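Q: Please take a close look at the ligand site in this model. What surrounds the ligand, and how does the site sit within the protein as a whole?

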Amino acid sequence: MRTVTTRAELEQSLAQLPRPIALVPTMGALHAGHAALIDTARRTAATVVVSIFVNPRQFANAADVARYPRTLEGDEQLAKAAGADLLFTPTVDEIYPPSETVATIEPGPLASRLEGASRPGHFAGVATVVSRLFDLVRPDEAYFGVKDAQQVRVVAWMAAQRSDRITIHRVATVRDRDDLALSSRNQMLSANGRVAAAKTIPVALSLIAEAYASGVTSVATLRTLAERVITAEPSVTLDYLDFADSASLVPLAEDAHVGDAASGEVLVSLAAVVDGVRLIDAITLP
Ligand code: AMP
């Protein structure tokens, strides 16, 4: 595996690598969730390119960008072991050259609620950087995790607006032993925060899945079950627990039932803040 940081080096390396090319965009501090994306890409693509770029345009402020974990040496080892061929670790100036105006890419109709509402500008930043990476790497396909449920839908919408027909693949969430979804942000939690997160976020979603499996379909009832678990833990602040149609992200009314979703699938997504760290997780029903 080669690591390159400039667009020129990327171009040179890509010229020698076979198609189809899969891209796995990340912000680094790689873990087994990222490895699952790389490993899944490896099964079909001739070349797997992993990018590591902490994209300032998707953060609300510079302090959040600065405190995002960076572990490049470990990342190189993990990416290589998972089967990456090329690691692209550009600087901010390489992605957004000061001499060029990099236009903001429209994140589309799926970007307005949930993370889009809580983090204004976030998905415009995501759409812009992913589109930029698509332009530079010119992949045939790209892999994203369903933990970031709204992100993969926004990216798929953005990709569908482009003429280059890049296939967007979704990969299941990898969880830790305590069931907390793996996330680079987990490193920023205190020991107590970690325990509080694990005994609320995945538990709330599992309760919903289990109640649904045993026949409970009312949105209001499922919400009450889950919210009770989270509000019982004072160190965890719930931002939202949302039931929406999985394709359109249109919210289900409180008096609706899971079966009312037009696409036949409901996305249950949750955002909570622990130790000042924003964590998200999601499941789909059925
Ligand atoms: P990030 O580095 O957090 O921007 O994530 C890069 C990619 O990895 C995104 O497509 C995420 O959805 C995906 N990802 C992050 N955590 C997990 C996880 N626990 N399981 C599967 N995919 C994940």
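**The ligand site and its setting**

A: In this predicted model, the protein has a radius of gyration of 19 Å, which agrees with the value near 19 Å that a compact globule of 286 residues would have. The C-alpha trace spans about 55 × 40 × 35 Å along its principal axes. The protein contains eleven helices and nine strands, and 52% of its 286 residues count as buried. Among contacts with a separation of 6 or more, 74% are between residues 24 or more positions apart.

Turning to the ligand, 17 residues surround it, and the closest are His34, Gly145, Asp148, Val174 and Leu182. By class, this shell has eight nonpolar, seven polar and two charged residues. The elements β2 (21-26), α2 (32-44) and β5 (141-145) each supply at least two residues of the shell. The largest share, three residues, comes from α2.

The protein buries 94% of the 480 Å² that the ligand exposes when taken alone.

As for the protein's own surface, the accessible area comes to about 12600 Å², and 53% of that belongs to carbon and sulfur atoms.

Note on methods:
Residues numbered from 1 in each chain as written. Predicted model: local features only at pLDDT ≥ 70, side-chain atom pairs only at ≥ 80, totals over all residues. Heavy atoms only, no water. Near = heavy atom within 4 Å. Areas by Shrake-Rupley, 256 points an atom, 1.4 Å probe, with all protein chains shown as cover. Helix = DSSP H or I, 4+ residues; strand = E, 2+ residues; numbered from the N terminus. Nonpolar A, V, L, I, M, F, W, Y, C, P; charged D, E, K, R; others polar. Rg over C-alpha atoms; globule rule 2.2 N^0.38 Å. Buried < 20%, exposed > 50% of the residue type's maximum accessible area, 1.4 Å probe, protein only. Contact = heavy atoms within 4.5 Å.
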